[in-house]
Amino acid sequence: GGNHTQPTFILLGIAGSLGVQAPLFGLFLLIYLVTLVGNVGLMVLVWVIPRLHTPMYFFLSHFSLADVCYSSVVSPRMLRDLLLGHKAISWAGCVAQFHIFAFFVTAECHLLAVMAYDRHVAICHPLLYVTVISSRVCWQLVAWSYLIAFLSAIIYTSCTFGGSFCGPYQIDHFFCDVSPVLKLVCSDTHSSEMVIFVFATINGVSTSLVILLSYICILRTVLRMSSAPSRARAFHTCASHLLSVSLFYGTLFFMYLQPASRHSSLDKVASVFYTVVTPMLNPFIYSLRNKEVKGALGK
């Protein structure tokens, strides 16, 4: 029988050796600070510069908000554990951390799809852009992204924490995630794993297909351009965006679209990429290399 009380979990962390905890703390602190400065700075620029009040930067500001939020749910806790070695987390804290994390990661997947669709309309159908991507449509797309993410996060959280937990309550990870938490459940987790797998597949595959099809249409349009410099700039931008998307989706698929029996120590490495590294890179890949953003930042 399982323990039906709410336990206190122990996060085993990202590194078992004390010798590497100090260097990792310095590295992850630097990455987190760059993440905050880059994403919050981009949101402030979009809010205060009228020239950036366009659909593309509206979506980018929400994308940066998602980056900051899900990174802030994981990184400060991980930094505290590396610095102080205090790795206990309450059941309620674990549930809250996972729910908020799942909400913003799922929202980011849908926002990436929305941004790809926005670029597809802007490049492939420029004359219809103002009509198709109106202010009302922008708010509707963002609202649907958050609504789907919220409902998905409720399902993920209820399936992950709905069972009875057995001791020892040690989570072999640096934050509360699906696979390491489900390993502590006494009851059969097959049905919960299947529900999580199905919804993760629906969210991940549907949004990645929208992104892929949008960029295929964009590349076809770019190939028809007569100007070689314009083609080169468009290819360079598309390649950067697709690299970021591939890194984000590749690690997510590796983590959540494989059987529980195949999870290994590589999970922590993959998790570092989409929880720590990708939120730091996104502002530079998606916006800070644009002339408009550079000009606004100079002002």
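The UniProt record, an unreviewed entry, lists residues 24-49, 137-156, 194-218, 239-257 and 269-288 under "transmembrane region". UniProt positions follow the numbering used here, feature names are shortened, and such annotations may be inferred rather than shown by experiment. The model is predicted, so local features need pLDDT of at least 70 and side-chain atom pairs count only at pLDDT 80 or more, while totals for chains, interfaces and linings use all residues. Residues are numbered from 1 along each chain as its sequence is written, and side-chain values use heavy atoms, with hydrogens and water left out.

Two of the listed spans can be described further. Residues 24-49 are 96% helix and 0% strand, with end C-alpha atoms 37 Å apart. Residues 137-156 are 100% helix and 0% strand, and their end C-alpha atoms lie 28 Å apart. Helices (H or I, at least four residues) and strands (E, at least two) are DSSP runs, numbered from the N terminus.

Helix α9 covers residues 266-286. From first C-alpha to last, the 21 residues of α9 reach 28 Å, close to the 30 Å expected at 1.5 Å a residue. The expected span is 1.5 Å times one less than the number of residues. At threonine 278, α9 bends by about 50°, and proline 279 follows within four residues. The bend is the angle between axes fitted to the seven residues ending at a residue and the seven starting there. Of the 21 residues in α9, 16 are buried (under 20% relative accessible area, with a 1.4 Å probe and protein chains only).

The structure also holds two cavities of 30 Å³ or more. On a 1 Å grid over the protein atoms alone, a cavity is a set of points where a 1.4 Å probe fits but cannot get out, and lining residues have an atom within 4 Å of a point. Grid points are joined across faces, edges and corners, and a volume is the space filled by probe spheres set on the points.

The largest cavity holds about 250 Å³ of space. Its lining has 17 residues, and Val105, Thr106, Tyr156, Ala200 and Tyr256 lie nearest the centre. The elements giving two or more residues to this lining are α3 (91-124), α7 (190-223) and α8 (228-256). The largest share, six residues, comes from α3.

The second largest cavity has a volume of about 50 Å³. Among the residues lining this cavity are Gly13, Met78, Asp81, Lys87 and Phe174. Helix α2 (residues 55-84) gives the most to the lining, with three residues.

Conventions:
Buried < 20%, exposed > 50% of the residue type's maximum accessible area, 1.4 Å probe, protein only. 1 Å grid on protein atoms, 1.4 Å probe; cavity = no way out; pocket = protein on both sides within 12 Å on 5 of 7 lines; lining within 4 Å.
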